[in-house]
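Good morning, everyone. Please have the sequence and the 3D view open. I'll go through it piece by piece.

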Amino acid sequence: MKLGQVAVNVKNVDRAVAFYKDVIGLPLLFESNGLAFFQCEETRLLLSCAETEEFDHPSSVLYFTVDDLSTSFNKLKEAGTVFINEPHMVAKMGDTETWMAFFRDTEGNTHALMSEI
């Protein structure tokens with residue numbers, strides 16, 4: 001079993017589309033009726049406003065894997081991304097270190113850049 005799609009709640013679809021396309025750099029597949037679909041490797045990302053109060057909550061944390069955390073961090077920061085913290089090591093497993101930097105999207109959702117070194 002593999003993950004096919006993740007939905008992220010947003011308050012303003014147009015503003016969120018600009019962030020995920022122009023700042024994060026995800027390919028926009030299409031938009032339709034207030035929905036925006038992006039490709040994130042093998043997983044599709046859906047941005048939409050919550051249809052009912054039941055679904056109106058912050059999204060899960062998305063961890064975007066990058067090859068060079070420092071370069072990606074600086075690129076997003078220069079594009080206006082608000083970071084919660086600087087890149088830092090969160091775990092060491094044998095010879096592999098896992099580094100992350102958490103940020104907020106334009107809709108207040110918390111996500112992270114992640115790199116294993």
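First, a term: helices (H or I, at least four residues) and strands (E, at least two) are DSSP runs, numbered from the N terminus. And two strands pair if DSSP finds at least two bridges between them. With that, look at the hairpin of β8 and β9. Five residues lie between its strands, and Gly108 takes a positive phi near 90°.

Now some housekeeping. This is a predicted model: local features need pLDDT of at least 70, side-chain atom pairs count only at pLDDT 80 or more, and totals for chains, interfaces and linings use all residues. Residues are numbered from 1 along each chain as its sequence is written, and side-chain values use heavy atoms, with hydrogens and water left out.

Back to the strands. Seven bridges hold β8 against strand β9, residues 110–116, and the two run antiparallel. Two pairs to find: Phe103 stands opposite His111 in β9, and Arg104 stands opposite Thr110.

What else does β8 pair with? Strand β7, residues 88–93, joins β8 antiparallel through five bridges. His88 has Met100 as its bridge partner in β8. β7 and β8 form a hairpin too, with two residues between them. Gly94, in that turn, has a positive phi of about 65°. Then comes strand β6, residues 82–83, which is antiparallel to β8, residues 96–104, with two bridges. There, Val82 partners Arg104.

β9 has another partner. Three bridges join it to β5, and here the strands run parallel. Phe64 stands opposite Leu113 in β9.

Is β9 enclosed or open? Buried means under 20% relative accessible area, exposed over 50%, and partly exposed in between (1.4 Å probe, protein chains only). Five of the seven residues of β9 are buried, so the strand is largely enclosed by the rest of the structure.

Why does His111 count as buried? Because its relative accessibility is 0%. Contact means heavy atoms within 4.5 Å. Leaving aside neighbours within four places in sequence, His111 is in contact with residues including Val8, Tyr20, Leu62, Phe64 and Phe103. Its side chain also reaches the backbone nitrogen of Leu62 at 3.1 Å. That is a polar contact: a pair of N or O atoms within 3.5 Å, where within protein one must be able to donate a hydrogen and the other to accept it, and residues adjacent in sequence count only if both atoms are side-chain atoms.

Now the other sheet. Four strands form an open sheet in the order β1-β4-β3-β2, with mixed pairing. β1 and β2 (28–32) stand at the edges with a single partner strand each, so one side of each is left without a neighbour in the sheet. β1 and strand β4, residues 43–48, pair in the parallel sense over five bridges. Within that pairing, Ala7 has Leu46 as its bridge partner in β4.

Lys11 is exposed, at 57% relative accessible area. Its C-alpha atom is 7.8 Å from that of Ser48, 37 residues apart along the chain. Beyond neighbours within four places in sequence, Lys11 is in contact with Cys49, Asp56 and Glu107.

On to the helix. At the start of α1, a side-chain oxygen of Asn12 reaches to within 3.1 Å of the backbone nitrogen of Asp14. Which residues of α1 are buried? They are Val13, Ala16, Val17, Phe19, Tyr20, Val23 and Ile24. An α-helix has 3.6 residues a turn, so residues three or four places apart point the same way. Just after α1, Gly25 takes a positive phi of about 90°.

Last, the largest pocket. It is lined by 20 residues, of which Ile24, Leu26, Cys40, Phe64 and Thr65 lie nearest its centre. Elements giving two or more residues to the lining are β3 (35–40), β4, β5 (63–65) and α2 (69–78). How is a pocket defined? On a 1 Å grid over the protein atoms alone, a pocket is an open set of points where a 1.4 Å probe fits, with protein on both sides within 12 Å along at least five of seven lines; lining residues have an atom within 4 Å of a point.
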